[in-house]
Amino acid sequence: GILNGTASFWLEPNGDQTLMKYQGQAVISGALAHLNDRLIEGVAQTLIKQGLHRLNQQTQIKPEPENK
């Protein structure tokens with residue numbers, strides 16, 4: 001099967017925090033298109049959550065180690 005997709009991400013201020021919003025669209029063809037829609041949606045949501053969790057971990061401010 002073939003999967004083609006696009007995604008957009010943008011940042012919005014939210015008080016003293018920043019929200020990251022996203023929107024995506026995918027077109028699935030071939031053997032993958034015969035899978036249950038709920039299965040595909042569930043897999044997509046899981047992959048998105050994993051990716052955003054990793055991005056969140058990498059963008060956290062970490063204190064620099066003190067030089068001794």
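A residue counts as buried under 20% relative accessible area, as exposed over 50%, and as partly exposed in between (1.4 Å probe, protein chains only). The views below show a predicted model, in which local features need pLDDT of at least 70 and side-chain atom pairs count only at pLDDT 80 or more, while totals for chains, interfaces and linings use all residues. Residues are numbered from 1 along each chain as its sequence is written, and side-chain values use heavy atoms, with hydrogens and water left out.

**View A. The salt bridge between Lys 21 and Glu 12.** Lys 21 pairs with Glu 12 in a salt bridge (a side-chain nitrogen of Lys or Arg within 4 Å of a carboxyl oxygen of Asp or Glu). The closest N and O atoms of Lys 21 and Glu 12 are 3.3 Å apart. By this rule, the model holds one salt bridge. Lys 21 has a relative accessible area of 35% and is therefore partly exposed. Glu 12, with a relative accessible area of 29%, is likewise partly exposed.

View B. A pocket is an open set of points on a 1 Å grid over the protein atoms alone, where a 1.4 Å probe fits, with protein on both sides within 12 Å along at least five of seven lines; its lining residues have an atom within 4 Å of a point. Points are joined across faces, edges and corners, and the volume is the space filled by probe spheres set on them. The lining comprises 23 residues, and Leu 3, Ala 26, Ile 40, Ala 44 and Ile 48 lie nearest the centre of the pocket. Strand S1 (2-14), strand S2 (17-29) and helix H1 (37-59) each contribute at least two lining residues. Helices (H or I, at least four residues) and strands (E, at least two) are DSSP runs, numbered from the N terminus. H1 provides the largest share of this lining, nine residues. By class, the lining of the largest pocket has 14 nonpolar residues (Ala, Val, Leu, Ile, Met, Phe, Trp, Tyr, Cys and Pro), one charged residue (Asp, Glu, Lys and Arg) and eight polar residues (the others, Gly among them).

**View C. The second largest pocket.** The volume of the second largest pocket is about 190 Å³. Leu 11, Thr 18, Met 20, Leu 52, Leu 55, Asn 56 and Thr 59 line this pocket. Both S2 and H1 supply at least two residues of the lining, and H1 gives the most, with four residues.

View D. Leu 3, Leu 32, Leu 35, Leu 39, Val 43 and Leu 47 form a nonpolar surface patch of about 530 Å². Such a patch joins nonpolar side chains (Val, Leu, Ile, Met, Phe, Trp, Tyr) within 5 Å, in residues with over 30% relative accessible area and no salt bridge. Accessible areas come from the Shrake-Rupley method with a 1.4 Å probe. H1 gives the most to the patch, with three residues. Val 43 lies in helix H1 and is partly exposed, with a relative accessible area of 44%.

View E. Glu 64 belongs to the segment after H1 and is exposed, with a relative accessible area of 72%. Glu 64 and Gln 23 are 41 residues apart in sequence, and their C-alpha atoms are 34 Å apart in space. Asn 67 is also placed in the segment after H1. At 80% relative accessibility, Asn 67 counts as exposed. From Asn 67 to Leu 11, the separation is 56 residues in sequence and 35 Å in space, C-alpha to C-alpha.

Methods
Patch = residues over 30% accessible without salt bridge, like charges linked within 9 Å, V, L, I, M, F, W, Y side chains within 5 Å.
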